[in-house]
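Please walk me through this structure in plain paragraphs.

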Amino acid sequence: IDIFARDSGVHVVGTTSAIGGVHVERLEGEGVAELRVDDVLLVPGEYLISLAVQDPAGSRDYDHYDRTHGLTVQPGAPLERHGLVRLPARWELTQTVSS
């Protein structure tokens, strides 16, 4: 799976089952591959998704849908407006006392 920003075409992120630790030796017949995302770090906007099924080396596509699926990310909390991804961070301020 690859995600692209719709307006700029920038490749935001991509992953594979192999990166996720899933190694498939051989499949026959029909089945389902499911990717679960725990936290969407994309800022609000429109994105395009590419999906592919490839050989284990990633050199041959068995099936490929290039930027054919749309994804809309709605504003939520925390609200981020800059860039393409939300940075999961916390701010801390420490006051220095002058003498």
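Arg86 counts as buried because its relative accessibility is 14%; buried means under 20% relative accessible area, exposed means over 50%, and partly exposed lies in between, with a 1.4 Å probe and protein chains only. The residue lies in the segment after β4, where strands (E, at least two residues) and helices (H or I, at least four) are DSSP runs numbered from the N terminus. The side chain of Arg86 makes a polar contact of 2.9 Å with the side chain of Asp39. A polar contact is a pair of N or O atoms within 3.5 Å; within protein, one must be able to donate a hydrogen and the other to accept it, and residues adjacent in sequence count only if both atoms are side-chain atoms.

This is a predicted model, in which local features need pLDDT of at least 70 and side-chain atom pairs count only at pLDDT 80 or more, while totals for chains, interfaces and linings use all residues. Residues are numbered from 1 along each chain as its sequence is written, and side-chain values use heavy atoms, with hydrogens and water left out.

Ala77 also has its place in the segment after β4. With 79% relative accessibility, Ala77 counts as exposed. Its C-alpha atom is separated by 11 Å from that of Leu41, 36 residues apart along the chain. Between Ala77 and Leu35 the C-alpha distance is 23 Å, and these two are 42 residues apart in sequence.

Leu35 is in the loop between β2 and β3. Its relative accessibility is 51%, so Leu35 counts as exposed. Not counting residues up to four places away in sequence, Leu35 touches Ile1 and Thr15; contact means heavy atoms within 4.5 Å. Val22 lies in the loop between β2 and β3, and is partly exposed, with a relative accessible area of 45%. The C-alpha atoms of Val22 and Leu93 are separated by 42 Å, and the two are 71 residues apart along the chain.

Strand β3 holds Ser50. Ser50 has a relative accessible area of 4%, which means that it is buried. What does the side chain of Ser50 join in a polar contact? The partner is the side chain of Asp66, at 2.9 Å. A polar atom of the Ser50 side chain also lies 2.8 Å from the backbone nitrogen of Arg67. Leaving aside neighbours within four places in sequence, Ser50 is in contact with Ile1, Asp2, Phe4, Tyr65, Asp66 and Arg67.

Arg67 is found in strand β4 and counts as partly exposed, at 36% relative accessibility. Its phi is near 55°, a positive value in a residue other than glycine. Most residues other than glycine have a negative phi.

Arg67 is also among the residues that Ile49 touches, not counting residues up to four places away in sequence; the others include Ile1, Asp2, Ile3 and Tyr65. Ile49 belongs to the largest nonpolar core, which has six residues: Ile3, Leu42, Val43, Tyr47, Ile49 and Val73. A nonpolar core is a set of buried Ala, Val, Leu, Ile, Met, Phe, Trp, Tyr and Cys residues joined through side-chain atoms within 4.5 Å.

The remaining topic is empty space. Rolling a probe the size of a water molecule over the atoms shows where such space is left. On a 1 Å grid over the protein atoms alone, a pocket is an open set of points where a 1.4 Å probe fits, with protein on both sides within 12 Å along at least five of seven lines; lining residues have an atom within 4 Å of a point. Grid points are joined across faces, edges and corners, and a volume is the space filled by probe spheres set on the points.

The largest pocket has a volume of about 1,500 Å³. It is lined by 34 residues, of which Ser17, Ala33, Ala52, Val53 and Gln54 are the closest to its centre. The elements giving two or more residues to this lining are β3 (45–54) and β4 (61–73). By class, the lining has 14 nonpolar, twelve polar and eight charged residues; Ala, Val, Leu, Ile, Met, Phe, Trp, Tyr, Cys and Pro count as nonpolar, Asp, Glu, Lys and Arg as charged, and the others, Gly among them, as polar.

The second largest pocket has a volume of about 390 Å³. Of its 19 lining residues, Ile3, Val13, Val37, Val40 and Leu42 lie nearest its centre.
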